[in-house]
Amino acid sequence: MEFVETYRQLLQYKPETARSRVRKMALSFLSAGYRLSHSYAKIFSLPRIQFLYIHHIFQDEEKNLDRMLQALSVHHQFISYSDAVERILTGNIDKPYICISSDDGLKNNLSAAAVLNKFRVSGCFFVCPSIVGEKDPARIEAFARQRLHFPPVEFMTWEDIAELQRQGHEIGAHTLSHINVAGTPADQLEEEIGGCYDVIRQRCGSSDHFAYPYGRYSDFSGLGREITFRSGYRSCASAARGCHIVADGVKTNPADLLIRRDHIVLTWPLPHILYFIARNASAADVKNNYFPY
Ligand SMILES: [Zn+2]
């Protein structure tokens, strides 16, 4: 089976729209203007935790991750996902921190890990057990198209995942089969969220972190939240932009915390990524730590 190996090939499947080109141009103006009127050194020195996550790192994106980590390491310290979560829960954010994660378990995430290793950064990889190690081309094609809106891509095996853990990375849960929590009946949710907890715990030793698919607030629900924490997870993540700050020493109940993560596509220009991160820091608010429902 032919898998997509480069970002160029992905663009043939998902061509850039006129709207996204205009957006990119506007962002270039905005980020350049913002940078002229703000000191990034000052903004980035704010003690906070900024979560960033990717989905894919195709061959032609590897150098971009390297460059991004290099740029962020000037003002930030990288921490593991578990460390980041505990710091928010215990009200202990003493420095500017960045935490990297990746969703969906594509095979090319192994290349992301190789770059993270070079910088001694521990990432968290959120996977869907139903597609781990899948070899059947028809099932891969259907999953990628229906669940990820993607062309056929290779997925990691359980051996790959064990190797990530040996390298010091963490494994998170992303539902059994990448469902939309808000649109799924209650009995199926128990299986998708709770069942995913059990599989990851059995395969990886622990299953502390959950990130729900699609990531908008409207893709999750109060019921999803209840099942998530009842299943045993210690954290739940969205894909809402923003960073986390705390009041020193003030503890948060794990079931009240909704992690915000900024989605990054590695081919985006680095100034755009830095702009998003600076904007988040400028708008930092403890209210960002909590579920909207
Ligand atoms: Zn996903």
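Which residues point one way from strand 1, which the other way, and are they buried or exposed? Arg48, Gln50, Leu52 and Ile54 point one way, Ile49, Phe51 and Tyr53 point the other way, and all are buried. A residue is buried if 20 or more other C-beta atoms lie within 10 Å of its own, exposed if 12 or fewer, and partly exposed in between, with C-beta atoms placed from the backbone.

This is a predicted model: local features need pLDDT of at least 70, side-chain atom pairs count only at pLDDT 80 or more, and totals for chains, interfaces and linings use all residues. Residues are numbered from 1 along each chain as its sequence is written.

**Overall shape**

- The protein has 11 helices and nine strands. Helices (H or I, at least four residues) and strands (E, at least two) are DSSP runs, numbered from the N terminus.
- The radius of gyration is 18 Å, close to the 19 Å that the globule rule gives for 293 residues, so the protein is as compact as a globular protein of that length. The radius is taken over C-alpha atoms, and the globule rule is 2.2 Å times the number of residues to the power 0.38.
- Along the principal axes, the C-alpha atoms fill a box of roughly 55 × 45 × 35 Å.
- Of the 293 residues, 38% are buried.
- Of the contacts between residues at least 6 apart in sequence, 76% join residues at least 24 apart. Two residues are in contact if their C-beta atoms, placed from the backbone, lie within 7 Å.

- Strand 1 covers residues 48–54, and seven of its seven residues are buried.
- In a regular strand the side chains alternate between the two faces of the sheet.
- Strand 1 runs parallel to strand 3 (residues 96–103), joined by seven bridges. Two strands pair if DSSP finds at least two bridges between them.
- Phenylalanine 51 has cysteine 99 of strand 3 as its bridge partner. Tyrosine 53 stands opposite serine 101 in that strand.
- Strand 1 also pairs with strand 9 (residues 262–263), in the parallel sense, over two bridges. Here leucine 52 is partnered by aspartate 262.

- Eight of the eight residues of strand 3 are buried, so the strand is largely enclosed by the rest of the structure.
- Pro96, Ile98, Ile100 and Ser102 lie on one side, with Tyr97, Cys99, Ser101 and Asp103 on the other.
- Strand 2 (residues 77–78) is parallel to strand 3 and joined to it by two bridges. Glutamine 77 is partnered by tyrosine 97.
- Strand 4 (residues 124–127) is parallel to strand 3 and joined to it by three bridges. Serine 101 is partnered by cysteine 124.
- Strand 2, helix 5 (residues 81–89) and strand 3 form a right-handed β-α-β unit. A crossover is right-handed if, with the strands pointing away from the viewer, the path from the first strand over the helix to the second runs clockwise.
- Strand 3, helix 6 (residues 109–118) and strand 4 form another right-handed β-α-β unit.

**Nonpolar core**

- The largest nonpolar core has 71 residues. Such a core is a set of buried Ala, Val, Leu, Ile, Met, Phe, Trp, Tyr and Cys residues joined through C-beta atoms within 7 Å.
- Ile49, Ala84 and Cys99 have the most contacts inside this core.
- Beyond its neighbours within four places in sequence, alanine 84 contacts Ile49, Phe51, Ile79, Tyr97 and Cys99.

**Backbone: positive phi and a helix check**

- Most residues other than glycine have a negative phi.
- Arginine 120 has a positive phi of about 55°. It sits in the loop between helix 6 and strand 4. Arginine 120 counts as exposed because it has 8 C-beta neighbours inside 10 Å.
- Histidine 178 has a positive phi near 60°. It is in the loop between strand 5 (170–173) and helix 9 (186–204). Histidine 178 counts as buried because it has 22 C-beta neighbours inside 10 Å.
- Helix 7 (residues 137–148) has 12 residues and should span 16 Å at 1.5 Å a residue; its end C-alpha atoms are 15 Å apart, which agrees. The expected span is 1.5 Å times one less than the number of residues.

**Cysteine 204**

- Cysteine 204 belongs to helix 9. It is buried, with 20 other C-beta atoms within 10 Å.
- Not counting residues up to four places away in sequence, cysteine 204 touches Ile161, Gln165 and Ile171.
- Cysteine 204 and proline 271 are 67 residues apart in sequence and 37 Å apart in space, C-alpha to C-alpha.
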